[in-house]
Amino acid sequence: MTTAVLPQLPADADDLSVWPASTTRLPDGGLAVAGVCLTETADRFGTPAYVLDEGEIRARCRMYRDAFPDADVLYAAKAFLSRAMVRWIDEEGLGLDVCSAGELELAVTAGFPPEQIVLHGNAKSPHDIETALRLGVGRIVIDSPSEIARLAAAVGPKGHQKVMVRVVPGISAGGHEKIRTGTEGQKFGLSLTDGSAQHAIARIMGQPQLQLTGLHCHIGSQITSVKPYLAALRRVVGLMARIRDTHGVVLPELDMGGGHGIAYRPGEPALDLTALARKLRAELIESCAAAGLTVPRLIIEPGRAVAGPAGIALYRVLAVKRTGGRVFVAVDGGMSDNPRPALYGVRYAPRLIGRRPDAATCQATVVGRHCEAGDVLAADVPLPADVRPGDLLAVPVAGAYQLSMASGYNLVGRPPVVAVHNGRARLLMRRESLDDFRSRDVGF
């Protein structure tokens with residue numbers, strides 16, 4: 001009698017450590033998130049689709065509130081924003097960081113208090129500024145010298161607006177050069193080194209309708225070490241001391257931005273939030289004591305670390321091609337719904353769900369359907385060798401900077417967003433359709 005030998009998976013192929021905490025395995029080889037079967041979700045809503053675990057979002061908001069009880073935590077809307085997300089963030093006690101009139105208006109019309117919103121942006125349009133003032137945004141972060149006069153004029157001689165100044169501390173940090181924003185020679189902020197920040201602050205002091213409440217510093221994204229934050233904090237506190245000495249003003253707020261790194265694949269490093277909170281607070285107290293400053297109110301802006309691990313992308317396999325010694329698995333989405341691998345070389349860990357494989361694994365590259373050789377979603381990843389058209393692939397850690405960066409390339413249409421919670425699935429954002437494209441095309 002011969003005993004059947006089951007296919008052997010790589011050590012991390014069945015690792016659910018980067019999936020939402022509510023993820024469970026199903027007998028048929030599928031997965032459920034928040035009590036909702038992902039295979040059934042794909043059948044009901046179609047693919048590609050994004051699934052967002054509401055409970056995971058809320059838990060991560062509470063994790064930040066617990067880690068930073070004496071700070072203001074602002075969710076970075078650029079990671080992912082919808083009306084439901086606005087409500088969850090509000091109910092969990094977080095503020096909001098927006099970068100455009102569109103993000104701002106969506107949040108306010110969804111019921112978010114505008115005084116708890118901070119507006120960023122290196123190139124704010126007149127519409128951005130007008131919308132922020134009309135809606136009563138809490139803070140506007142000044143990013144360039146030209147914004148000072150424009151903003152003061154828009155506020156008017158009898159108006160009043162709280163502002164912060166974004167400073168560049170000269171710290172290199174981040175998962176890729178395109179998302180490192182704390183160094184000299186890039187588009188964000190005002191340099192400490194060449195005096196730009198100090199000059200802008202002096203100009204703001206001369207505008208009575210602008211109230212400088214603090215400094216802002218964002219050094220990059222996908223940072224997994226605490227050290228760069230501590231180095232940046234020391235430099236910014238040094239500037240706060242110089243502002244006190246020069247202008248006699250003690251600023252009450254210090255915004256250290258976000259960029260908190262997460263693991264996209266099992267075994268990858270992630271920023272230790274508990275260590276960040278403890279060491280950042282200790283460094284702030286120590287640096288302020290050395291400078292003779294009152295400790296300012298700390299502000300942080302997590303985005304990816306809140307939304308990223310709560311999302312799953314679902315794709316249907318359309319074709320499998322074996323050529324040149326490689327296996328290409330083509331799916332029904334691609335760079336139009338996730339441009340991050342093409343932009344930053346990001347690596348994901350897709351997983352076959354909905355059936356048990358009948359073969360061992362092979363190295364495969366998951367590619368999209370778009371007219372670019374660089375339309376690769378996951379290069380050289382382990383997938384069952386019998387992967388075939390019709391199979392369902394699920395990609396974890398898909399909640400941040402995917403749909404928010406999606407495009408209309410090839411008129412494929414952006415995927416829907418489905419929220420799962422307590423065994424129920426509901427549509428948050430519908431699939432973009434050909435009718436949507438037609439309605440925008442008004443010339444003929």
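Okay, let's start with a question: where does Ala34 lie? Ala34 is in the loop between strand E2, residues 31-33, and strand E3, residues 36-37. Before I go on, please keep in mind that this is a predicted model.

So what's up with Ala34? Its phi is near 55°, which is a positive value in a residue other than glycine.

Tyr401 isn't a glycine, yet its phi is positive, about 55°. You'll find Tyr401 in the loop between strand E19 (392-396) and strand E20 (417-421). Tyr401 is buried as well, at a relative accessible area of 13%.

While we're on the backbone, have a look at Thr47 and Pro48. The peptide bond joining Thr47 and Pro48 is cis, with omega about -10°. Pro48 sits in the loop between helix H1 (38-45) and strand E4 (49-53).

Ala84, Met85, Val86, Trp88 and Ile89 are the buried residues I'd point out in H3. After H3 comes Gly93, and the phi of Gly93 is positive, near 85°.

Right, on to helix packing. Two packed helices are described by the angle between their axes and the distance between the axes. Take helix H5 (residues 126-135) and helix H6 (residues 145-155): their axes come within 10 Å and cross at roughly 45°. H5 and H6 are therefore oblique to each other, since an angle counts as roughly parallel under 35 degrees and as roughly perpendicular from 65 to 115. The crossing of H5 past H6 is right-handed.

Which residues of H5 and H6 make the contact? On H5 the contact is made by Pro126, Ile129 and Leu133, and on H6 by Arg150, Leu151, Ala154 and Val155. Sorting the residues of that H5 and H6 contact by type gives six nonpolar, no polar and one charged.

H6 has a second contact to show you, with helix H7, residues 196-205. The axes of H6 and H7 come within 9 Å and cross at roughly 15°. That makes H6 roughly parallel to H7. H6 passes H7 in a right-handed crossing. From H6 the contact residues are Pro145, Ile148 and Ala149, and from H7 they are Ala200, Arg203 and Ile204. By type, the contact of H6 with H7 has five nonpolar residues, no polar ones and one charged.

Now the aromatics. A pair of aromatic rings is described by the distance of the centres and the angle of the planes. How many aromatic pairs does a search of the whole structure find? It finds two. One is Tyr64 with Phe68, a stacked pair at 6.4 Å centre to centre with 10° between the planes. Tyr64 and Phe68 are both buried.

The other is Tyr264 with Tyr348, an edge-to-face pair, 5.5 Å centre to centre and 85° between the planes. This pair links distant parts of the chain, with Tyr264 and Tyr348 84 residues apart. Tyr264 is in the loop between strand E12 (253-255) and helix H9 (273-291), while Tyr348 is in the loop between helix H11 (340-344) and strand E16 (351-353). Tyr264 is buried, and Tyr348 is too.

Two more residues and I'm done. His216 is in strand E11, and at 1% relative accessibility, His216 counts as buried. What does His216 touch, leaving out residues up to four places away in sequence? The residues it touches are His120, Val141, Val165, Arg166, Val167, Asp255, Gly257 and Glu301. His216 and Ala307 are 91 residues apart in sequence and 22 Å apart in space, C-alpha to C-alpha.

Then there's Gln222, in the loop between strand E11 (210-216) and helix H8 (227-247). Gln222 is buried, with a relative accessible area of 16%. Gln222 and Ala305 are 83 residues apart in sequence, but 8.9 Å apart in space, C-alpha to C-alpha.

Technical notes: Residues numbered from 1 in each chain as written. Predicted model: local features only at pLDDT ≥ 70, side-chain atom pairs only at ≥ 80, totals over all residues. Heavy atoms only, no water. Axes fitted to C-alpha atoms, helices over the stretch in contact; angles between N-to-C directions. Helix = DSSP H or I, 4+ residues; strand = E, 2+ residues; numbered from the N terminus. Parallel < 35°, antiparallel > 145°, perpendicular 65-115°, else oblique. Left-handed = near helix turned anticlockwise from the far one by under 90°. Contact = heavy atoms within 4.5 Å. Nonpolar A, V, L, I, M, F, W, Y, C, P; charged D, E, K, R; others polar. Phe/Tyr/Trp six-rings, centres within 6.5 Å; stacked < 30°, edge-to-face > 60°. Buried < 20%, exposed > 50% of the residue type's maximum accessible area, 1.4 Å probe, protein only.
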